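Hi,

Here is the structure I promised to pass along. Could you load it next to this note and read the two together?

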Amino acid sequence: MDSLKIQETRIQALGPVIRFHAPASCKVYTPLELATAMISGLGISSDGVWLEPSFGRAVFLRALKNLGVARDRVVAIDVDRRPTPFDELAISLRGTEFLGWAGHHQSCFDRIIGNPPYVAIERLNSRLQSLAASVSWGSIKPIGLNGNLWAAFLVRCLRLMRPGGCMSFVLPAAWDYADYAEGLRRELPKYFSRLVIHRCEDVLFSEVQDGCVVLQAFGFGGAKSETIRFQYSSAADLRSGLADGSLQSRRTNTNTVQFDFPSCARITADSVFNVRLGGVTGDAKFFLLKESVRKKLNIPVSACRPVLSRARHLVKAFANKQMWKSFRGEDERVWLFDPKSSQARLTAIRRYLQLPATEGGCNRKADWVGRRKPWYRVRIPKRIHGFVSGTSSRGPWICLNAMPRLAATNTLYVVEFKDLDSSRDKRAAWCLSLLTSDVQTQLQKIARVYAGGMKKFEPADLLSLKLPVPFKYSGASAEYSRAIKMLVSGDCEGAMQLADRHFELIGKPTAL
Ligand SMILES: C[S@@+](CC[C@H](N)C(=O)[O-])C[C@H]1O[C@@H](n2cnc3c(N)ncnc32)[C@H](O)[C@@H]1O
């Protein structure tokens with residue numbers, strides 16, 4: 001992305017550069033904690049490209065770095081030429097006027113975030129004034145000479161947004177009452193699946209005594225729109241409200257709230273979790289042991305790892321010890337022979353390792369076995385948060401891992417959530433998302449149908465799904481357990497309805 005800098009230099013040389021000395025009054029910098037909450041609220045994906053259109057002293061860049069967003073995924077702009085040591089955290093374009101710059105770019109960002117300048121348009125120099133007054137987008141009319149730069153920034157960002165993109169801005173309280181922003185308030189929600197207005201009564205900036213608004217807009221170009229509004233008395237509440245997706249419980253009851261949920265934002269599954277093959281043994285007969293065989297061979301439990309190895313092992317929303325023990329009791333193959341190198345000398349283990357293939361030993365010529373060093377250590381994905389079968393007749397659905405060390409072999413896929421700290425409820429809410437009618441419709445379209453009508457999904461298929469974004473997590477585990485109980489007993493329709501109710505998609509048209 002550093003090529004962007006070279007390209008920018010060319011654009012600036014050719015195109016008309018707008019000069020502007022931003023007044024000191026607009027240089028109010030966002031507290032780091034607020035910037036962090038705003039970024040978390042939008043959600044971080046590994047491949048999204050971010051824009052901060054007026055990055056000032058680089059607070060948002062620091063927060064993005066802290067949250068693990070790579071430098072080359074962030075573009076930052078400011079007219080202010082004074083560098084900070086944190087400019088390095090992004091592709092930073094200092095001395096660049098944003099409204100003019102945006103005129104040379106289109107649809108390239110997944111996330112736009114910041115705190116745009118508050119300057120009356122009538123105070124701008126004549127070139128910037130005529131540009132700011134005339135900025136428009138779709139049904140959003142030009143702000144006009146009586147408007148303010150922050151509103152022109154907001155509108156200008158729309159041409160830079162990729163479909164499905166999100167943005168979040170700190171705005172002045174004028175968002176709520178200014179006449180010049182009336183068209184913006186009315187029309188902006190039409191361009192997003194969901195617009196959330198967070199209003200805080202508390203003072204957020206030592207320099208500004210006014211309360212402020214933080215806007216979050218999700219799902220650019222989404223089918224229909226909803227607007228939700230929250231009011232907070234403290235900055236701490238605002239921050240947790242921004243970062244937390246469980247919006248449902250805090251919906252306020254003011255007249256401006258629209259209780260209308262026609263559709264919700266969607267994001268691709270690969271920004272939420274990863275799906276890959278479970279451990280490839282290369283010789284399942286040798287590596288997968290029943291409890292009776294393990295005992296007969298005298299192989300200690302410490303040289304084995306508990307595993308799920310069949311689609312039929314996925315019977316509950318949460319795979320816990322009790323469930324795994326029941327398969328062990330039925331003498332299913334639930335142990336992966338997995339001795340550490342230091343255990344290879346133990347008599348029972350050495351004997352099993354040396355057993356000829358003709359007598360039940362390992363087929364050392366098998367492709368995967370021969371490639372490993374040592375050959376008897378099967379590679380198992382490090383973090384296993386859930387299991388999926390690619391061929392289940394009722395799936396795919398995620399069986400969440402609730403047992404320490406429980407792994408799976410390659411007849412199953414394993415799931416790793418990207419947010420490593422997410423709660424059980426949060427993960428369950430994403431799993432419910434997979435069961436919604438919205439996702440089921442997508443699955444029907446992408447299923448690979450084999451002879452006999454068996455449907456198969458590859459990990460890449462699952463990762464391409466557009467998942468409705470949950471807006472509440474609390475209670476999701478219990479609901480997911482109920483939904484999976486229904487699904488496993490054959491009531492797929494009931495499970496889907498339950499998931500739709502969680503996402504409030506019931507009775508609403510599905511827009512993909
Ligand atoms: C309210 S400060 C916010 C800075 C930073 N986003 C933050 O939250 O800490 C506004 C910033 O906008 C910059 N600015 C003002 N007018 C601009 C313009 N037309 N194009 C780009 N940057 C501008 C100022 O230099 C200032 O750094």
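This is a predicted model: local features need pLDDT of at least 70, side-chain atom pairs count only at pLDDT 80 or more; totals for chains, interfaces and linings use all residues.

Below is what turned up, starting with the ground rules.

Residues are numbered from 1 along each chain as its sequence is written, and side-chain values use heavy atoms, with hydrogens and water left out.

**The chain**

The protein chain has 19 helices and 21 strands; these are DSSP runs, with helices being H or I of at least four residues and strands E of at least two, numbered from the N terminus. Of its 512 residues, 55% are buried, meaning under 20% relative accessible area (1.4 Å probe, protein chains only).

**The ligand**

The ligand is surrounded by 24 residues, each with a heavy atom within 4 Å of it. Thr-30, Glu-52, Ser-54, Asp-78 and Glu-97 are the closest. Helix 3 (59–66) and helix 6 (149–158) each give at least two residues to this shell.

- Glu-52: a side-chain N or O atom is 2.8 Å from a ligand nitrogen.
- Ser-54: a backbone N or O atom is 2.6 Å from a ligand nitrogen.
- Asp-78: a polar side-chain atom is 2.6 Å from a ligand oxygen.

On its own the ligand exposes 590 Å², and the protein buries 99% of that (Shrake-Rupley, 1.4 Å probe).

Best wishes

Key: Buried means under 20% relative accessible area, exposed over 50%, partly exposed in between (1.4 Å probe, protein chains only). A polar contact is a pair of N or O atoms within 3.5 Å; within protein, one must be able to donate a hydrogen and the other to accept it, and residues adjacent in sequence count only if both atoms are side-chain atoms.
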